[in-house]
Amino acid sequence: MYIPPRIAFVAILLLGVVSTWFALPTGFLNVGGIKDERDINLGLDLQGGLQVLLQADPPAGQTVDANVLSGTRDTVERRVNELGVSEPLISTRGDDQILVELPGITDTEQAIALLQRTALLEVIDPQGQYLPPGTVVNTSLGGPEDLLGEQQLGGEATPGATPAPDGMPDTVTASTPIATDGTPIAAGATPAAGTPVAETPVADDPAADGPVYTTIIQGREFTDAYPTADQLGGPVVAFELNDAGASALQNFTQQNIGRYMTIVVDKTVISSATIQAVIADSGQISGLTAQQANDLSIQLRAGSLQVPLIVQSSNTVGPSLGEESIDRSLIAGIVGLLTVALFMVFFYRLPGLLAVAALLIYTAVSFSLFKLFGVTMTLAGIAGFILSIGMAVDANVLIFARLRDELRIGHGLNRAVEQAFRNAFPSIRDSNTSTLITCAILWYFGDQTGTSLMTGFAITLAIGVVVSLLTAITVTRNFMRLTISSGWVRDPWLLGVERREAAAFDTAPRAAAGD
Amino acid sequence: MTTLTSKRKIWYLLSAILIIPGLISLIFTGLRLGIDFTGGTQIQLQFQQEVSSVDLQAAVAEAGYDGAIVQSVDVEGGNAWQIKTQEIGEGTDAKNQLYAALESEFGPFTELSIATIGGSVSDQLSRNAILAILVASLFILLYIAIAFRNTRSPFVYGTCAIAAMACDVLFVIGLFSIFGWAFGIEVDTLFVTALLTVIGFSVHDKIVVFDRIRENMARRVGSSFEDTVNYSIAQTLVRSVNTSVTVVFTLLALFLLGGGSTRNFVLALLIGIVSGTYSSIFTAAQFLVSWENGDIQRLFGRSGPKRDTQVEAEARLAPSR
């Protein structure tokens, strides 16, 4: 495809301007809010924060599978959201680890205590009310503020995604209904005998002045839960209880047919169901979508497992260290860029100058891409980027070395330029491919070991290499063609060759050859 | 005629002289491993009062951490120290007790960073680091073999590049082994990153030289293979040095001006990249000539072919691409 150099030049200029604008901070000329939400993410080492690798540590005889782990992950995520961290990152790693990154957090002690605590699943008596999912409640096992405390509640790990609130309560039925119909009694059921009454909640808690709901059963009383279908084929969650749970729930449901029972994880309502029959050792929750049935069953099943999380490794960086690193790296980057620019102009003269112009476009485009892809910038990432500035020049160095050769062989100017680009291409392609292969392996390796330093470095270096191919070849060639066809390059000295060396130096302006 | 390749025995000797001290250090003392590989806890604290390393070491030992290593850290404001010890769990009483002890001894301080790596994590990391380097080498070998498929012996190019790259990696690891006992420099995850980058860059450089050789073979430049290699090295020499120089400039800027936490990483890159450029010219290309001339076969076997003749060289000029 042939694009006239003048048009290509305008396109390149446009690319340069647009990417410079995009690369500059969000506050600068944010037309139409395009740059909103497009900030460079700073890694933990730059803005400070906490990274924790949690390891599931199930008690003897129990195993953690992918379902339970992903459920635990969701629980951890819910808790992190309570912390109000701006961009938390929570991911599962392997079969039994969860990686949590909390940028900008200062009270790491509290955060770790919060993450480590096993979750508590309870079925409560909502006192006849329908409590929509997401409601924070006090239960007779304590209020939400207790979750932040140091004390370990005797609860169970309870993973699971919160089913989307659909506004409609689910229904719960016994799979082996007990014959007697329970007569509903008045709202505000009396706590079951032996259930401890909750301590007085703290005043400033959102749910503090709310009622204290009675806990009927806990997660550990569930022996099984699985998604299945009822007689009509609708998705339901079937569950089974142990003896203690069965008798408690039987007691409750007998008295509350037609009323609600509510499932709560970490004092937050995840599901409310209407009791349709008396339930003892097994029952069903219907009125769900297939997805909700699946999520809820994972939550119930995991709730029966006690999955304490132990801190496998952690990394805390104070904010001051990060700030200093950014400043220093910025200065290093500018000095590095300037030195390279000076060297290029000194050594390669005119082509060097054009390469430096291409290098500026390269910097702007790369930076824009980091923003666009939401690349997390780490110290190693910055090092990767600064390194890629040096490597970006390599393609130009290769081409310009060829250009000198071609001119010395005795080719005319136009021919020499075209030949230089053509002949240099195979080595540029092959050498950069090997760097990209290394980047891919670095990325994979870093991803496997949860080393964000390494993935950050690999991504920035890889983006740098790809963009440098574009700018060093396409952009520089366009600049060269335009400069040559303008006809003012009359001295081979400008191209780094002595006049006597380039006998056939052709100063006549001529249309640049296309591809 | 004196050429680069005719002196290859000298280059081999020089390379050996450069690599062997580090290798000896590596065998006898190994590398000074950071907590990424050993597991443990690394704390960086900045004190308001002046603190001496001896006092700090003693206070930490008194708090129950005998083997702790205390080093000063280069941070704005100064008076910052790094304490490396066995695992202290984040959010445990052990950490609070240590901090309380330090505060009563030296007054208030700021926690710059604290990292704890569990034993199983560090084992996994060590395994993966070695694996990553091997996998990277294998993929690069395959890629070079594919890129040079039109030459007579594509795998020879790949093997020579990998062998020269291995010299670079050994050189860097060996030097860091010396730095370990000489300056207390530790190797961490970033060091592995640096090694992998050096691998990439080193091979990158070798491919450029080999590519010239491939091209000159096709153009039938030079009277023998050795001659062609010489000519190709001469043609790419300026480029090799210039590329290296630009990268060295940027790395030097990072080394001198960048943050303290990446300084060792940048140092490893700096050494590796200079070594990578050296080995392209003085090792990789020389390996190629040694192989083609049968030096290596002579070394290991009985009847290697003798010196190249012009006829042989002509015969093997593959019409590449």
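1. Ground rules. The model is predicted, so local features need pLDDT of at least 70 and side-chain atom pairs count only at pLDDT 80 or more, while totals for chains, interfaces and linings use all residues. Residues are numbered from 1 along each chain as its sequence is written, with chains lettered from A and ligands numbered from 1 in the order in which they are written.

2. Where the chains meet. Look for 60 residues of chain A in contact with 59 residues of chain B; "in contact" says that C-beta atoms, placed from the backbone, lie within 7 Å. On the chain A side, the elements giving two or more residues include strand 14 (309-317), helix 8 (319-372) and helix 9 (379-409). Helices here are DSSP runs of H or I with at least four residues, strands are E runs with at least two, and both are numbered from the N terminus. That side of chain A divides into 31 nonpolar, 22 polar and seven charged residues. For these classes, Ala, Val, Leu, Ile, Met, Phe, Trp, Tyr, Cys and Pro are nonpolar, Asp, Glu, Lys and Arg are charged, and the others, Gly among them, are polar.

3. Strand 14 of chain A runs antiparallel to strand 4 (residues 109-117) of chain B, and four bridges join them. Pairing takes at least two bridges found by DSSP.

4. A hairpin in chain A. Strand 3 (residues 89-93) and strand 4 (residues 97-103) of chain A are antiparallel, with five bridges. A:I90 has A:V100 as its bridge partner. Three residues lie between the two strands of this hairpin, and A:G94 in the turn has a positive phi of about 65°.

5. Most residues other than glycine have a negative phi. A:R349 has a positive one, near 60°, and belongs to helix 8 of chain A.

6. Which residues touch the most other members of the largest nonpolar core? They are A:A383 and B:A161, in a core of 180 residues. A nonpolar core is a set of buried Ala, Val, Leu, Ile, Met, Phe, Trp, Tyr and Cys residues joined through C-beta atoms within 7 Å. Buried stands for 20 or more other C-beta atoms within 10 Å of a residue's own, exposed for 12 or fewer, and partly exposed for in between, again with C-beta atoms placed from the backbone. Helix 9 of chain A gives the most to this core, 19 residues. Beyond its neighbours within four places in sequence, A:A383 contacts residues including A:F457, B:L254 and B:F265.

7. B:I207, buried or exposed? With 31 C-beta neighbours inside 10 Å, B:I207 counts as buried. This residue is in helix 7 (residues 189-218) of chain B. Leaving out residues up to four places away in sequence, B:I207 touches A:S427, A:D430, A:S431, A:S434 and B:I144. B:I207 and B:A161 are 46 residues apart along the chain, yet their C-alpha atoms are separated by 7.7 Å.

8. B:T228. You'll find B:T228 in helix 8 of chain B. B:T228 is buried, since 26 other C-beta atoms lie within 10 Å. Its contacts, apart from neighbours within four places in sequence, include B:I213, B:N216 and B:M217.

Definitions and conventions. Contact = placed C-beta atoms within 7 Å.
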